[in-house]
Amino acid sequence: ARAVDVSVVVPIFDEEENLPILHAEISAAFAGSDLGWEVIYVDDSSFDRSLEVLVGLWREDPHVRIVQFRGRSGQTAAMAAGFDESRGRIVITMDGDLQNDPADIPLLLGRMACGDADIVAGWRKKRHDGFLLRRLPSILANRLIGFVTKTTIHDTGCTLKAFRRELVKNLPIYAEQHRFLPAMSAGSGARVVEVEVNHRPRRFGHSKYGLGRATR
């Protein structure tokens with residue numbers, strides 16, 4: 001019943017083993033805080049038990065909300081659905097594979113509280129994943145987006161970001177455009193800053209994204 005200050009949006013596709021750990025870490029990030037928060041898990045029609053695990057979390061924790069897609073729609077559509085359902089003044093996005101560290105959430109919120117930023121973008125300066133299928137597509141995407149938009153963001157592919165609500169609530173995105181959100185917003189006058197965030201090796205499952213991202 002209390003006001004929601006922060007909404008955490010997490011697209012999910014086949015992450016059943018990661019979800020209990022991820023949710024425990026998100027909850028820990030808000031422990032001791034007086035902020036009202038919610039986490040919106042958007043299930044992109046997973047083939048595994050992800051939805052079943054999410055429903056279990058929802059039954060145990062009133063902070064949990066679930067959006068379920070009828071068919072596979074992709075990460076950007078999942079992000080957009082989470083934005084539509086979010087109620088917080090600040091919206092944080094992150095991946096569901098445990099490579100983004102929920103312990104960085106207070107860092108993003110603290111930087112946002114300085115008052116000189118509308119978007120705080122995470123920068124995975126020290127990455128822990130394969131070069132060919134993960135880092136190379138990110139390098140290509142970062143250079144392409146920088147060339148097209150003339151914005152100097154080191155890591156456009158890092159999902160861990162914080163946005164002021166008014167920036168994302170009515171912003172139509174499709175295809176791979178969630179990667180362009182800081183550039184799109186900066187072009188409209190939004191203030192974008194970067195902070196270095198932790199990046200962890202994947203513990204369970206495998207990456208759903210590869211070189212095809214750069215083409216799209």
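**View A. The largest nonpolar core.** This core counts 32 residues, and Val8, Val10, Ile26, Tyr41 and Ile92 have the most contacts inside it. A nonpolar core here is a set of buried Ala, Val, Leu, Ile, Met, Phe, Trp, Tyr and Cys residues joined through side-chain atoms within 4.5 Å, where buried means under 20% relative accessible area with a 1.4 Å probe, protein chains only. At least two core residues come from each of S1, H1, S2, helix H2 (50-60), strand S4 (90-93), helix H4 (105-112) and S7. H1 gives the largest share, five residues. Helices (H or I, at least four residues) and strands (E, at least two) are DSSP runs numbered from the N terminus.

The model is predicted, so local features need pLDDT of at least 70 and side-chain atom pairs pLDDT 80 or more, while totals for chains, interfaces and linings use all residues. Residues are numbered from 1 along each chain as its sequence is written, and side-chain values use heavy atoms, without hydrogens and water.

**View B. Around isoleucine 92.** Beyond residues up to four places away in sequence, Ile92 touches Val6, Ser7, Val8, Val9, Ile105, Leu109, Leu160, Lys161 and Ala162; contact means heavy atoms within 4.5 Å. A second, separate core has ten residues, including Val9, Ala80, Phe163 and Ile173.

**View C. The open sheet.** Seven strands line up as S3-S2-S1-S4-S6-S5-S7 with mixed pairing, a pair needing at least two DSSP bridges. Strands S3 (64-68) and S7 (192-196) are the edges, each pairing on one side only.

**View D. Strands S5 and S7.** S5 (residues 119-123) runs parallel to S7, joined by five bridges. Here Val120 stands opposite Val193 of S7.

Key:
Buried means under 20% relative accessible area, exposed over 50%, partly exposed in between (1.4 Å probe, protein chains only).
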